[in-house]
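Take a look at the fold below. We will walk through it one piece at a time.

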Amino acid sequence: MTSFSFDLLATDGTARLGRINTAHGAIDTPAFMPVGTAGTVKAMLPGSVAATGAQVVLGNTYHLMLRPGAERVARLGGLHRFMNWPGPILTDSGGFQVMSLAKLRTLTEDGVTFQSHHDGSRHHLTPESSMAIQHLLDADITMAFDECTPFPATVEQAAQSMRLSMRWAARSKAAFVPRPGYGLFGIVQGGIHPELRAESAKALQEIGFDGYAIGGLAVGEGQEAMFATLDVTTPHLPADRPRYLMGVGRPSDIIGAVLRGVDMFDCVMPTRSGRTAQAFTRRGTVNLRNARHQDDPRPLEEGCPCPACRDHSRAYLHHLIRSEEILGPMLLTWHNIQAYQDLMKGLRDAIAAGRVADFAAEAARLEALGDIEAP
């Protein structure tokens, strides 16, 4: 079986072209991971997700431990077999969901005790139990258990939270079961404070991880602050390990982060937007609920290979949304994931050709134009 590794293939400025090798296949980077929180990318078949060019999907420890249960998934052959996704899977540790979803959470040095948002049942999640759950799920990439620092937070609050996450990172590393093709990522915390980000990155490298994630961003700080934090964080991360910006984001966020040396991304935005009539195009976001589309025979985006654009008109997509037909969210979700995968391929090709700055400038120019004129 292949070992878990990262090959840095090319650079263009700070932008990086690479490949992550895992037990269930390779991931070309920069990469966007569709979010399959509960063992499914919402409104998509696994084959449809793969058809967009996606190579890796994300699952979530918090949701899967509550329902159907990690032990059940393991008995049924692991998450790859359970959800019929043969490629790589990354699992979030559950820390963010405990913060954002759980009822009556109690945080201690040991871990977090919380009530399920489903039925109020009580659970205790620690670095050790998070590693065990992700092992049962058979995740190719396991995330260290951390506390997602809320925003805004004072320097003192951010420091306390980050240092707890670093202690939990060491416990996560000790509890992780190494095996060929499987990796463990640490998560850099520290809010928007440069000195805390540097301290966190140093602490994680002393522990030693297969990859390094940047957490605690895209939580309300805004794009300018996020980019400023990346500017002072990625230089502290090793060049021979993949870098993952968690929970990001809009296409312009992703492009800006790639220019700052980030390799991996995930976000619910393309799938959630697809379920609310929002479509991502090169010329910005389109709301298919708007009446301006009702007589438009043109595709959503010219040249897009997804079935929403290839086989249907804006008028039909508008009709599906207004009629509340389930096919509407399905088609728009497919389109959005396709749009994100096309963006990543464009970025990879641009880095390989040494023209990523031009690619970014052209993407910004097209988005600024806004949607095509109504017929």
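**A buried threonine, a helix pair and a sheet**

Thr149 has a relative accessibility of 4%, so it counts as buried, since the cut-off for buried is under 20%. This is a predicted model. Where does Thr149 lie? Find the loop between β10 (141-143) and α7 (155-175). Thr149 sits there. Its side chain makes a polar contact of 2.8 Å with the side chain of Ser161. Leave aside the neighbours within four places in sequence, and Thr149 is in contact with Ala158, Ser161, Met162 and Gln189.

Now follow α7 itself. Its axis and that of helix α8 (residues 194-207) come within 10 Å. They cross at roughly 10°. Angles under 35 degrees count as roughly parallel, so α7 is roughly parallel to α8. Which residues meet? On the α7 side they include Ala158, Met162, Met166 and Ala169. On the α8 side, Leu196, Ala203, Leu204 and Ile207 are among them. By class, this contact has eleven nonpolar, one polar and four charged residues.

Next, turn to the sheet. Strands of a sheet pair through backbone hydrogen bonds, either parallel or antiparallel. Here three strands form an open sheet in the order β7-β8-β9, with antiparallel pairing. β7 (103-107) and β9 (122-125) are the edge strands. Each has a single partner strand, so one side of each has no neighbour in the sheet. From one strand to the next, the twist averages 15°.

Zoom in on one pair. Strand β8 (residues 112-115) joins β9 over four bridges, in the antiparallel sense. Which residue stands opposite Arg122 in β9? Gln115 does.

Notes:
Residues numbered from 1 in each chain as written. Predicted model: local features only at pLDDT ≥ 70, side-chain atom pairs only at ≥ 80, totals over all residues. Heavy atoms only, no water. Pairing = 2+ DSSP bridges. Helix = DSSP H or I, 4+ residues; strand = E, 2+ residues; numbered from the N terminus. Axes fitted to C-alpha atoms, helices over the stretch in contact; angles between N-to-C directions. Buried < 20%, exposed > 50% of the residue type's maximum accessible area, 1.4 Å probe, protein only. Polar contact = N/O pair within 3.5 Å; in protein donor to acceptor, adjacent residues only side chain to side chain. Contact = heavy atoms within 4.5 Å. Parallel < 35°, antiparallel > 145°, perpendicular 65-115°, else oblique. Nonpolar A, V, L, I, M, F, W, Y, C, P; charged D, E, K, R; others polar.
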